[in-house]
Amino acid sequence: MGCQCTFVFKSVRSSPCPPVQVSNMTGRRALKAVLIDLSGTLHVEDAAVPGAQDALKRLRQASVAVKFVTNTTKESKRHLLERLHRLNFDLQEKEIFTSLSAARSLLEQKQHRPLLLVEDSALEDFAGIETSEPNAVVIGLAPDHFNYQTLNEAFRMILDGAPLIAIHKARYYKRKDGLALGPGPFVTGLEYAADCKATVVGKPEKAFFTQDARDDVGGAQNAGMLGILVRTGKYREGDEKKINPSPHLTCDSFPEAVEHILKNLL
């Protein structure tokens, strides 16, 4: 007996599913769960990847659990779900696990009072968290807050002993107008300036899966899953060669990945 999940994710750059039991008695892995990335895999902002809705419906008809994991920090889970429903994707809030959720769990566990460097549209996922007299720095994707004054405030807090918590460290992400800097360069800048190491709670951290495609596939496969890379979202030619361990498979799109799963992994 062993464990097996498949994670379908976009390009480089607690529990969505429980440990999955498989049997090799027939020489074929019995896949029990599929974790699906969202931005860049099912959609790019307000545009769905062609055929993704029908592919998801086909996958749901199979005898496999389907969950969704995302590093998106620019909007709350509620706003993300509304966006996906507008694009005619059939999924429920309880099926989505976000890096914002992971960050909130850590703050509650450690009883930190954070300086939240996230977009205003993501703040509702931290409702109820005490933020007065902050003693920790939490940084996600926050273009409106990545200015000298705010980053310098974070820098000084870290020098005074506040932990630096990165919701994730993606190098860049895909917008409809092209690639854009992710939070990773800003987190790395604070690490360098303050001579510290951030705690990362989103992909590619193993804990994210068990409770940039390098971020996605590396984390998934290091957590014992099969990783399938899709050439949509922020994919760039040759990304699959930068990933260690290498993807189980590289597909042109999510529908092609689903076709492979249905034919070869179930």
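Q: At what angle do helix H1 (residues 52–60) and helix H8 (residues 254–265) pack, and how far apart are their axes?
A: In this predicted model, H1 and H8 pack at about 20°, and their axes lie 8 Å apart.

Q: Why are H1 and H8 called roughly parallel to each other?
A: Angles under 35 degrees count as roughly parallel. The angle between H1 and H8 is about 20°, so the two helices are roughly parallel to each other. The crossing of H1 with H8 is left-handed.

Q: Which residues of H1 and H8 meet?
A: From H1 come Ala52, Ala55, Leu56, Arg58 and Leu59, and from H8 come Phe254, Pro255, Val258, Glu259, Ile261 and Leu262. By class, this contact has nine nonpolar, no polar and two charged residues.

Q: Which residues make the contact of H4 with H5?
A: H4 contributes Leu151, Ala154, Phe155, Ile158 and Leu159, while H5 contributes Phe186, Leu190, Ala193 and Ala194. The count by class is nine nonpolar, no polar and no charged residues.

Q: How do the residues lining the second largest cavity divide by class?
A: The lining consists of Ser39, His43, Glu45, Thr72, Lys74, Glu75, Leu80 and Arg83. Leu counts as nonpolar, and Glu, Lys and Arg count as charged. The lining therefore divides into one nonpolar, three polar and four charged residues. The space in this cavity is about 30 Å³.

Note on methods
Residues numbered from 1 in each chain as written. Predicted model: local features only at pLDDT ≥ 70, side-chain atom pairs only at ≥ 80, totals over all residues. Heavy atoms only, no water. Contact = heavy atoms within 4.5 Å. Helix = DSSP H or I, 4+ residues; strand = E, 2+ residues; numbered from the N terminus. 1 Å grid on protein atoms, 1.4 Å probe; cavity = no way out; pocket = protein on both sides within 12 Å on 5 of 7 lines; lining within 4 Å. Points joined across faces, edges and corners; volume = space filled by probe spheres on them. Axes fitted to C-alpha atoms, helices over the stretch in contact; angles between N-to-C directions. Parallel < 35°, antiparallel > 145°, perpendicular 65-115°, else oblique. Left-handed = near helix turned anticlockwise from the far one by under 90°.
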